[in-house]
Amino acid sequence: MSKPDVLICGTIVHAHKELDTILGSISNVLQLDSPDRETFLKELGPGGKYSKIKAIYRHNDSASKIGLFDGQLISSLPETLSFICHNGAGYDQIDVEAAKQRGIKVSHTPSAVDDATADTAMFLVLSTLRQYYRAEVNARQGKWKSGLSPAHDPEGKVLGIVGMGGIGGALAKRAKAFDMKILYHNRNPSPKADESFTYVGTLEELLERSDVVSLNLPLNSSTQGSFGEAQFERMKTGSILINTARGGVVDQEALVRALEGGKLSSAGLDVYPDEPNIDARLIAMDQCVLLPHMGTETIETQKKMEVQVFGSIKVALETGTPSYLVKEHK
Ligand SMILES: *[C@@H]1O[C@H](CO)[C@@H](O)[C@H](O)[C@H]1NC(C)=O
Ligand SMILES: *[C@@H]1O[C@H](CO)[C@@H](O)[C@H](O)[C@H]1NC(C)=O
């Protein structure tokens with residue numbers, strides 16, 4: 001029996017050896033080299049070099065050439081294609097419904113990103129509370145403490161975590177070490193949560209009680225733009241919003257108004273609705289801390305993610321279902 005074709009849509013940066021040891025003997029690994037989407041769609045068709053692929057490794061860096069895995073791309077995939085294994089926790093770049101209709105199973109990398117993303121969120125919590133960005137600018141401009149005011153301690157402050165999944169849980173663990181009080185909101189209490197963390201049944205209650213609110217939920221059709229005017233209204237005056245999830249979850253106009261009006265004293269952002277563009281009004285606010293989507297930008301984590309995807313593909317080829325299926329399949 002011939003080995004199945006696996007197409008790597010994206011660039012393997014760290015785990016070359018693992019690619020070979022995990023998938024090399026059980027599949028033919030093909031590297032995407034189509035220069036653009038149109039060529040790619042043609043090469044997926046009858047007689048094309050990708051016409052027999054069984055599984056796809058997808059990284060978002062393929063988007064600059066072949067675009068998102070939307071309905072059109074998914075409807076062009078060959079009959080043989082059964083699995084799309086995505087490198088990333090968030091999979092809003094893939095139309096999972098379209099994949100499901102074709103009987104294609106989609107997986108992602110939930111746990112591999114937890115620590116690195118939570119580190120980024122914790123940095124943003126500390127940096128916004130302590131106003132370290134302004135301080136660093138001063139230091140580099142030779143102004144020492146001129147114009148700086150004392151800021152705030154994390155100790156004793158209430159951190160409200162919206163979405164207590166792997167990242168939310170890893171953030172809570174870190175914040176606990178800084179003696180923050182942890183509130184979290186989820187559909188249900190998390191069985192894994194530390195007993196010192198307080199579950200609140202409504203988002204409204206979490207917003208009213210928190211000094212810092214961290215968004216740790218996926219972007220999907222129900223969360224898109226879900227954090228807006230009404231949510232900011234509920235927050236304490238002078239509180240802080242942290243977003244390491246997806247920019248699209250937040251209504252950005254409402255965020256800017258909340259900052260301009262003083263409802264929020266600061267925001268710590270790693271994600272934006274229109275990446276790589278950042279709203280100029282946010283850039284001008286030096287009380288905010290802005291990062292260019294650095295959540296998982298570490299060698300160790302990116303390698304872990306690559307290896308996790310290879311593992312999912314191997315399990316898929318052996319059993320018919322990848323590990324780490326997205327929750328829409330469950
Ligand atoms: C994925 O790539 C697209 C197109 O380049 C870009 O618009 C989007 O922000 C990227 N998403 C993530 C999560 O990196
Ligand atoms: C979107 O994500 C939220 C948070 O995980 C979840 O509760 C909701 O069911 C999801 N909605 C859709 C349409 O997938």
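This is a predicted model: local features need pLDDT of at least 70, side-chain atom pairs count only at pLDDT 80 or more; totals for chains, interfaces and linings use all residues.
## Ligand 1

Six residues surround ligand 1: Asn 60, Ala 63, Gln 93, Arg 246, Glu 275 and His 293. Sorted by class, this shell consists of one nonpolar, three polar and two charged residues. Ala 63 is the nonpolar member, while Arg 246 and Glu 275 are the charged ones.

Asn 60 makes a polar contact through its side chain, where an N or O atom lies 2.5 Å from an oxygen atom of ligand 1. On its own, ligand 1 has 360 Å² of accessible area, and the protein covers 59% of that.

## Ligand 2

Around ligand 2 are Arg 187, Pro 218, Asn 220, Ser 221, Ser 222, Thr 223 and Lys 327. By class, the shell has one nonpolar, four polar and two charged residues.

For Asn 220, the distance to an oxygen atom of the ligand is 2.3 Å. For Arg 187, the distance to an oxygen atom of ligand 2 is 3.1 Å. The contact of Ser 222 involves a nitrogen atom of ligand 2 instead, at 2.7 Å. The protein covers 60% of the 360 Å² of accessible area that ligand 2 has on its own.

## Aromatic pair Tyr 57 and Phe 310

Four aromatic pairs are found in a search of the whole structure. One of them joins Tyr 57 and Phe 310, with ring centres 5.7 Å apart and 40° between the planes, a tilted arrangement. Tyr 57 belongs to strand β3 (residues 53-59) and Phe 310 to helix α13 (residues 299-319), so the pair links parts of the chain that are 253 residues apart in sequence.

Both partners are at 0% relative accessibility, so Tyr 57 counts as buried and so does Phe 310. The cut-off for a buried residue is under 20%.

## Largest nonpolar core

The largest nonpolar core contains 28 residues. Val 213, Phe 227, Phe 232, Leu 241 and Leu 255 have the most contacts inside it. In soluble globular proteins, nonpolar side chains tend to be buried together.

At least two residues of this core come from each of β6 (158-162), α9 (203-209), β9 (212-215), α11 (252-260) and β11 (264-269). Helix α11 gives the most, with five residues.

Note on methods. Residues are numbered from 1 along each chain as its sequence is written. Chains are lettered from A and ligands numbered from 1 in the order in which they are written. Side-chain values use heavy atoms; hydrogens and water are left out. A residue is near a molecule or strand if one of its heavy atoms lies within 4 Å of it. A polar contact is a pair of N or O atoms within 3.5 Å; within protein, one must be able to donate a hydrogen and the other to accept it, and residues adjacent in sequence count only if both atoms are side-chain atoms. Accessible areas come from the Shrake-Rupley method with a 1.4 Å probe; for residues, only the protein chains shown count as cover. Rings of Phe, Tyr and Trp (its six-membered ring) pair if their centres lie within 6.5 Å; planes under 30 degrees apart count as stacked, over 60 as edge-to-face and the rest as tilted. Helices (H or I, at least four residues) and strands (E, at least two) are DSSP runs, numbered from the N terminus. Buried means under 20% relative accessible area, exposed over 50%, partly exposed in between (1.4 Å probe, protein chains only). A nonpolar core is a set of buried Ala, Val, Leu, Ile, Met, Phe, Trp, Tyr and Cys residues joined through side-chain atoms within 4.5 Å.
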